Amino acid sequence: MKLSRRQALRGAFGLGATAAVATGAARAESTSATESEQPKASAPIGLLYDTTRCIGCKACVTACTSANGLAPDSGASEGLHQMPQDLNSRTKNIIKLYTSPDGSERSFVKRQCMHCAEPACASGCPFHALRKDPVSGVIGWDGELCIGCRYCEVVCPFEIPKFEWDRFNPKVVKCELCRHLLDAGAAEPACTAACPTDAVIFGRREELLHDAKGRIESSPGKYHQNRVYGEKEAGGTQVLYLSHVPFARIGLPVLEDMSLPEYANRYHRIIYQWMALPAAVYAVMAGVIRARWKKHDHEAMEIERAGGPMDQL
Ligand code: SF4
Ligand code: SF4
Ligand code: SF4
């Protein structure tokens, strides 16, 4: 069952018993969806970004802004250039520069939604406003369902979704892998189409991973730890990275292989297991008390029949 934003708000503010019940039902459904985990995408697509190929031209940033109909963030340059300082409600894609304290090490890094295989944002969204496409694995946002609770913003391990604080009817803004372009027949997203050096490329995740591993194999030692970031982190992501500097230095968090939803499901299971034990103890205790009370009643009747006072018991 899906709820529109209006119905959800009505439920949330208690403006009608019917809506409240519907909201509760939706929450219950959401919980069971969480427990049953997000379905795996059958043909996941994604991006592969290679720091060693990026020249920091930011063609991908402007292409992204334009393709997504966003107003350029030029505040930091007093209106002269598009110059976002970080991902924000007008910026779904950003290029940042890392420089080591002594200046000897530098790297550009492209940041956008990672399109997680097991997305924390979508698995906990109470109204399914963020959903994983069952085929492409792209995590899309549905403004009709979003109530603006900002759960996704808080829970994302990569700090990606941004909320439009300055609008009356705010959106959650994040890269949706240009699904509107792909649905309309485009061969690739705007950022990869604009990149002059193939620093970021688009394709099936499986093929991108194969390509990345091939680059590592043909140039051992060129890439940090000779591995692909996103292959396993947080359950695996559909956006993959190769970097010549440690991943953490370019803002890619150190994460375990298990995704947050999987952690949550495990804790749920443990909590329910431990809750089951006291419930069983209480059930046994209730049975014993009931049996004793029946025995007590029976004895009271016997004594009463024999003429003894009830209050002896
Ligand atoms: S990076 Fe964050 S917003 Fe993107 S899919 Fe993963 S959890 Fe969701
Ligand atoms: S896939 Fe589209 S929305 Fe995502 S970063 Fe690239 S251009 Fe922006
Ligand atoms: S367009 Fe390509 S080379 Fe230019 S900043 Fe973006 S990823 Fe780097």
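Visitor: How many helices and strands does the chain have?
Guide: The chain has 9 helices and 9 strands. Both are DSSP runs, numbered from the N terminus: helices are H or I with at least four residues, strands are E with at least two. This is a predicted model, where local features need pLDDT of at least 70, side-chain atom pairs count only at pLDDT 80 or more, and totals for chains, interfaces and linings use all residues. Residues are numbered from 1 along each chain as its sequence is written, while chains are lettered from A and ligands numbered from 1 in the order in which they are written.

Visitor: Why is Pro 44 called buried?
Guide: A residue is buried if 20 or more other C-beta atoms lie within 10 Å of its own, exposed if 12 or fewer, and partly exposed in between; C-beta atoms are placed from the backbone. Pro 44 has 21 within 10 Å, so Pro 44 is buried. Its place is in the loop between α2 (17-35) and β1 (45-50). Buried residues make up 34% of the 313 residues in the chain.

Visitor: What does Pro 44 touch beyond its sequence neighbours?
Guide: Not counting residues up to four places away in sequence, Pro 44 touches Ser 136, Gly 137, Arg 205 and Gln 238. Contact here puts two C-beta atoms, placed from the backbone, within 7 Å. Pro 44 and Gln 238 are 194 residues apart along the chain, yet their C-alpha atoms are separated by 7.0 Å. Across the chain, 60% of contacts between residues at least 6 apart in sequence join residues at least 24 apart.

Visitor: What makes β8 and β9 edge strands?
Guide: The open sheet has 3 strands in the order β8-β1-β9, with mixed pairing. β8 (200-204) and β9 (239-242) each have a single partner strand, so one side of each is left without a neighbour in the sheet. The twist averages 25° from one strand to the next. That angle uses axes that are lines fitted to C-alpha atoms, for helices over the stretch in contact, and runs from 0 to 180 degrees between N-to-C directions.

Visitor: How do you know that β1 and β8 pair?
Guide: Two strands pair if DSSP finds at least two bridges between them. β1 and β8 are joined by 5 bridges and run antiparallel, so the pair meets the definition. Gly 46 has Gly 203 in β8 as its bridge partner.

Visitor: What joins β2 to β3?
Guide: Strand β2 (residues 94-99) and strand β3 (residues 106-111) run antiparallel, with 6 bridges between them. They form a hairpin with 6 residues between them, and Gly 103 in the turn has a positive phi of about 80°. Lys 96 has Val 109 as its bridge partner. Ile 95 stands opposite Lys 110.

Visitor: Which residues touch the most other members of the largest nonpolar core?
Guide: Cys 121, Leu 130, Val 200 and Leu 240 do, in a core of 57 residues. A nonpolar core is a set of buried Ala, Val, Leu, Ile, Met, Phe, Trp, Tyr and Cys residues joined through C-beta atoms within 7 Å. Leaving aside neighbours within four places in sequence, the contacts of Val 200 include Leu 47, Tyr 49 and Cys 191.

Visitor: Which residues are closest to ligand 2?
Guide: Cys 64, Asn 93, Cys 175, Pro 189 and Cys 191 are the closest of the 14 that surround ligand 2. A residue counts as near if its C-beta atom, placed from the backbone, lies within 6 Å. α3 gives the most to this shell, with 3 residues.
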